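User: I want to learn how to read a ligand site and a helix pair. Can you take me through one case?

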Amino acid sequence: MQNILVTGGCGFIGTNFIRYVLAETDFDGRLVNVDKLTYAGNPENLADIVQTYYPQRYAFIQADICDRQAMAGIFANFEIDTVCHFAAESHVDRSIVAPDAFIKTNIEGTFNLLQIARQHLDRLVLFHHISTDEVYGSLGADGYFTETTPYRPNSPYSASKAASDHLVRAYSRTYGLPVTISNCSNNYGPYQFPEKLIPLIILNALEGQSLPVYGQGLNIRDWLYVRDHCRAVWAIMQKGTRGETYNVGGRCEMANLETVRLICDMLDEMVPGSHPGPRRDLITFVKDRPGHDLRYAIDFSKLQKELNWCPAESFETGIQKTIQWYIANREWVDRVRSGEYMSWVEQQYGNG
Ligand code: NAD
Ligand code: DAU
């Protein structure tokens with residue numbers, strides 16, 4: 001692996017992945033980050049990476065993965081031999097309101113990349129596809145998702161991710177593309193767009209605003225600190241068996257209400273006096289998400305046995321780091337919320 005195309009590198013997990021690979025692994029090649037810069041993509045996340053690593057070890061190109069010509073040019077010009085595919089529309093609520101972009105980017109965009117990768121089979125080392133545990137649907141009170149759990153996606157988002165997983169697998173079987181797929185549970189950590197539960201709750205609680213909990217807050221998610229996800233992806237890329245799928249999870253199941261209460265209590269301790277009374281008082285139960293999956297829980301024993309991967313962070317240590325990051329990066333939060341970083345992008349890269 002010398003020239004790795006990272007798609008969606010300006011989003012939450014992609015940003016953390018690029019930072020991890022360049023700063024914490026022995027990789028000595030180049031990462032080529034291709035991102036359309038939707039509302040969720042912010043190249044400012046990687047401004048210091050540009051200073052340190054551009055152009056030998058890092059390059060950024062603003063492009064849409066659905067643009068066949070642009071992507072073919074990038075593959076050829078940068079002699080791409082490996083793909084790590086994060087780019088997607090990622091927010092379930094948005095997929096319920098406006099599914100079109102999910103079908104376009106998640107399905108057609110992945111198809112486009114596979115078609116181009118197929119034309120470079122001679123030098124392709126790996127196409128790694130990042131996916132989600134949501135493709136498996138919802139669990140009842142017992143059991144875990146394994147790599148052989150049947151797909152039963154319930155939202156337009158998870159259905160679009162399921163379709164992309166199937167395409168990747170089909171290109172492996174039909175055309176011999178060297179692929180791996182990872183299906184991961186809920187991530188949290190630095191640089192997460194504050195529409196997702198954890199950053200939304202941290203910021204609202206800091207500001208004394210209401211904390212919206214869907215339904216009764218009984219839905220269960222399996223939380224994983226984002227750096228642990230990045231470690232897993234890198235391990236799979238290095239040593240994973242081609243053609244295989246790996247589940248990644250935190251062994252950290254919590255009902256949403258418990259998660260929100262824990263964040264409130266931690267903030268009461270970490271930032272005392274900034275809010276009158278306990279922050280738990282801010283919790284507001286709101287209308288439930290349609291088709292809301294009850295429970296996700298991942299069995300990651302395959303990854304553990306084959307690649308010796310385990311989460312390094314507990315929820316207590318991970319959430320503390322996350323809260324500290326959001327407190328220390330209020331300017332980032334303000335800019336992301338205002339959409340102001342788009343003018344920063346224009347200053348840096350022009351209008352196109
Ligand atoms: P994100 O929404 O924070 O970032 C997505 C990035 O993709 C953004 O930078 C955006 O600009 C870019 N993008 C969107 N459409 C594009 C297009 N057409 N062309 C090029 N770039 C485009 O998402 P995330 O939370 O970082 O998720 C990354 C990947 O991980 C996704 O594939 C998601 O399905 C998967 N995943 C996420 C989680 C999670 O908890 N966040 C868990 C498991 C899997
Ligand atoms: O499981 C992996 C998935 O996790 C990823 O594939 C998705 O890209 C990612 O967005 C995430 O999906 P969720 O829907 O689980 O994440 P979200 O942060 O939107 O919601 C987490 C839980 O909290 C979910 O049960 C819905 C609930 N929720 C969410 C929001 C935004 C609330 O109760 N209130 C809220 O305001």
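User: Which oxygen contact does the side chain of threonine 132 make with ligand 2?
Analyst: A polar contact is a pair of N or O atoms within 3.5 Å; within protein, one must be able to donate a hydrogen and the other to accept it, and residues adjacent in sequence count only if both atoms are side-chain atoms. Here a side-chain N or O atom of threonine 132 sits 2.7 Å from an oxygen atom of ligand 2. For the side chain of arginine 289, the distance to a ligand 2 oxygen is 2.6 Å. Leucine 197 uses a backbone N or O atom, 2.8 Å from an oxygen of ligand 2. The protein buries 94% of the 690 Å² that ligand 2 exposes alone (Shrake-Rupley method, 1.4 Å probe; for residues, only the protein chains shown count as cover).

User: What should I know about the model itself?
Analyst: This is a predicted model; local features need pLDDT of at least 70, side-chain atom pairs count only at pLDDT 80 or more, and totals for chains, interfaces and linings use all residues. Residues are numbered from 1 along each chain as written, chains are lettered from A and ligands numbered from 1 in written order, and side-chain values use heavy atoms, without hydrogens and water.

User: How many residues surround ligand 2?
Analyst: 23, counting those with a heavy atom within 4 Å. Among the closest are Asp133, Tyr157 and His292.

User: How do I read a helix pair?
Analyst: Two packed helices are described by the angle between their axes and the distance between the axes. α7 and α9 (256-270) pack at about 40 degrees, axes 10 Å apart (helices: DSSP runs of H or I, at least four residues, numbered from the N terminus; axes: lines fitted to C-alpha atoms over the stretch in contact, with angles from 0 to 180 degrees between N-to-C directions).

Technical notes: Helices (H or I, at least four residues) and strands (E, at least two) are DSSP runs, numbered from the N terminus.
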